[in-house]
Amino acid sequence: MFYQISAKSAPDEMNPFASLTVTYVIGAVASLIFYYVLNKEANIIHEYSKVNWAPSVLGFAIVGLEVGYIYAYKAGWPVSVAQIVQASVLAVILIFVGYLLYHESITWNKIAGIIVCLTGLALININ
């Protein structure tokens with residue numbers, strides 16, 4: 001809830017990417033604090049030595065997701081609609097990603113879920 005309210009409340013006159021720099025500085029500081037508070041034998045350099053490609057790609061994906069919400073809200077999308085569209089589209093895409101990349105089965109329940117998601121999107125009035 002706070003995520004969506006904050007994204008919708010980003011200042012219209014502020015560039016979304018500039019806004020996200022503030023978001024990520026606060027997120028990085030909070031993550032570092034939580035890392036040390038929750039780990040008695042914390043060694044951040046040792047943790048960084050384990051990094052692979054995933055955190056970097058996740059960073060770009062998060063920027064895309066968040067700036068997408070900010071632009072959708074700047075374009076006048078209602079807060080109740082943006083999340084439904086994003087979640088429905090993502091659910092449908094991930095069924096196929098699961099099948100192609102992770103060899104997960106496509107079941108009748110998943111097909112029914114795709115139909116429900118697409119039907120729900122068809123019923124939403126984005127204007």
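Predicted model: local features only at pLDDT ≥ 70, side-chain atom pairs only at ≥ 80, totals over all residues.
Residues are numbered from 1 along each chain as its sequence is written, and side-chain values use heavy atoms, with hydrogens and water left out. Local features require a pLDDT of at least 70 and side-chain atom pairs count only at pLDDT 80 or more, whereas totals for chains, interfaces and linings use all residues.

Helices are DSSP runs (H or I, at least four residues) numbered from the N terminus. Helix H2 comprises the 23 residues 16-38. At the start of H2, a side-chain oxygen of Asn15 lies within 2.7 Å of the backbone nitrogen of Phe17. Pro16, Ser19, Leu20 and Tyr35 of H2 are buried, that is, under 20% relative accessible area, with exposed meaning over 50% and partly exposed in between (1.4 Å probe, protein chains only). The buried residues of H2 pack against helix H3 (44-48) and helix H4 (54-74), contact being defined by heavy atoms within 4.5 Å.

Just after H5, His103 adopts a positive phi of about 55°.

A nonpolar surface patch of about 1,000 Å² is formed by Phe96, Tyr99, Leu100, Leu101, Tyr102, Ile106, Trp108, Ile111 and Ile115. Patches join residues with over 30% relative accessible area and no salt bridge, nonpolar side chains (Val, Leu, Ile, Met, Phe, Trp, Tyr) being joined within 5 Å and like charges within 9 Å. H5 and H6 are the elements that give two or more residues to the nonpolar patch, and the largest share, five residues, comes from H5. Leu100, one of the patch residues, is found in H5 and counts as exposed because its relative accessibility is 61%.

The structure holds one salt bridge, defined as a side-chain nitrogen of Lys or Arg within 4 Å of a carboxyl oxygen of Asp or Glu. Glu47 and Lys50 form this pair, with their closest N and O atoms 3.4 Å apart. Glu47 is partly exposed at 34% relative accessible area, whereas Lys50 counts as exposed at 52%.

How values were computed: Expected span 1.5 Å × (residues − 1). Polar contact = N/O pair within 3.5 Å; in protein donor to acceptor, adjacent residues only side chain to side chain. Areas by Shrake-Rupley, 256 points an atom, 1.4 Å probe, with all protein chains shown as cover.
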